[in-house]
Amino acid sequence: MECARIIRLGFGMPAMKNDEIIIPALLEKGVELEDAYDYAIVGCVEAAVPGKWGYRNTGMTFLNLTKVLELALNGGSDPESGVRLCPAAQAQGLPNFKSYDDLYDSFKRQLDFYIRCHVAFDAAADLALEELVPDAFCSSLVHDCIERGKNIKEGGSVYDIISGLQSGVANVANALVAMKKLIFEEHALTQEELKYALETDFAGADGERVRQLLLNDAPKYGNDIDEVDLVARGVMQDYLDLIRDVRTTRFGRGPIGCIYCGSTSNISANVPMGAVVGATPDGRRKGEPIAEGVSPVQGTDLRGPTAVMASVTKLQTAKMIAQLLNLRFSPATLEGEKGLSALVHLLRGFCDLKGWHVQFNVVSTETLRDAQKHPERYRDLIVRVAGYSALFTTLDPATQEDIIRRTEHVLAG
């Protein structure tokens, strides 16, 4: 109840993390029981064992899954520049997919290639930092650096478990299901129609018709609908399968793990990530932000916060090292003891479902819009952006819009 009272004040704090899944997730990765119970949160939502962890657990390479899908739809080529990086890509894309399975295989080939790229980038950065930034003082505070005579970047820590940051899984799931249903099952759209609509950013009356079909005639992640939620799960499972046997540059030098796992904590990078992706088959326009963390695509979660939580917890949470979920509530829905009680029950349900993390903005769309028009009146308006809170009026306009577009939920009493 005390946490709920603070959340209701609208400062975006506290963020809620769940022992019921974080501790088993650490045990699954080889962390000893005593250490798993002593975990702490690094940065935003990442779990680690204080005094025993390597120099990072996420944050080096961001993998834009929505961009990977865009490349698959264009035969491996970037539609903006024409550059093709993936040598194994089929030069087909839209409108030449023979089936949904053919489409998904093309996506998976691109995913495999860019996972290899992200691991190579990680290795290059890790080796450079090992040589140039030894962090001697920090290493002296981490077991077992002194005993091994190695700093944390050479493999001195007890544990070394990391992840890249996988972003846009909700967009990809929504887009894949929309194409599966509307093109390959119901034949409500042709591949040629979709290709032209994406190339023109849904311009004109026919482009808008296609966009409305994509938005409204296919299920969306975040509404507790297995048809789309399990596609999101499948995308994440493919990532985990493809990276399962990869090891870090510290492998064989002492630490437990030296493995990759999953993380959807993309801070606020969903905004610039969306800026480099054209229109997509989930109805998203060119340049718009992609979904952040494991949150639904902005404004598509229409069945309430419990449905959002049910969708999120269908993902492979135990395989993660970090997971981020944002929800926004109308202030009126949390008024009085009844509102607080409803929030507490929601949080307890989230724990029972084994959700990793959830945080809240308690602010109306009306207030946020007024703050955009009259920032001088709202200098103390704090919002939860991603894993951090910030003054709303200091955020760039694109990030402000991203927060406003999140669904404003209510809680039934």
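Strand S10 pairs with strand S14 (residues 408-409) through 2 bridges, and the two run parallel. This is a predicted model.

- S10 spans residues 326-329, and both of its faces are covered.
- In a regular strand, side chains alternate between the two faces of the sheet.
- On one side of S10 sit Asn-326 and Arg-328, and on the other Leu-327 and Phe-329. All four are buried.
- Towards S14, Arg-328 has Glu-408 as its bridge partner.
- S10 also pairs with strand S11, which covers residues 357-362. These two strands run parallel and are joined by 4 bridges.
- Towards S11, Phe-329 has Val-362 as its bridge partner.
- Helix H14 (residues 336-352) belongs with S10 and S11 to a β-α-β unit. The unit is right-handed.

- Asp-135 and Lys-153 form a salt bridge, with their closest N and O atoms 3.1 Å apart.
- Asp-135 lies in the loop between helix H5 (100-132) and helix H6 (136-140), and Lys-153 in the loop between helix H7 (145-148) and strand S5 (159-162), so the pair ties together parts that are 18 residues apart in sequence.
- Asp-135 counts as partly exposed because its relative accessibility is 30%.
- Lys-153 is buried, with a relative accessible area of 4%. The cut-off for buried is under 20%.

**Two further salt bridges**

- Glu-185 pairs with Lys-180 in a salt bridge whose closest N and O atoms are 2.7 Å apart.
- Glu-185 is partly exposed, at 42% relative accessibility. Lys-180 is partly exposed as well, at 30%.
- Arg-406 forms a salt bridge with Asp-402, and here the closest N and O atoms are 3.9 Å apart.
- Both Arg-406 and Asp-402 are buried.

**A salt-bridge network**

- Arg-56, Asp-122, Asp-126, Asp-160 and Arg-250 belong to one network. Salt bridges that share partners join these residues.

Notes
Residues are numbered from 1 along each chain as its sequence is written. This is a predicted model: local features need pLDDT of at least 70, side-chain atom pairs count only at pLDDT 80 or more; totals for chains, interfaces and linings use all residues. Side-chain values use heavy atoms; hydrogens and water are left out. Buried means under 20% relative accessible area, exposed over 50%, partly exposed in between (1.4 Å probe, protein chains only). Two strands pair if DSSP finds at least two bridges between them. A crossover is right-handed if, with the strands pointing away from the viewer, the path from the first strand over the helix to the second runs clockwise. A salt bridge is a side-chain nitrogen of Lys or Arg within 4 Å of a carboxyl oxygen of Asp or Glu.
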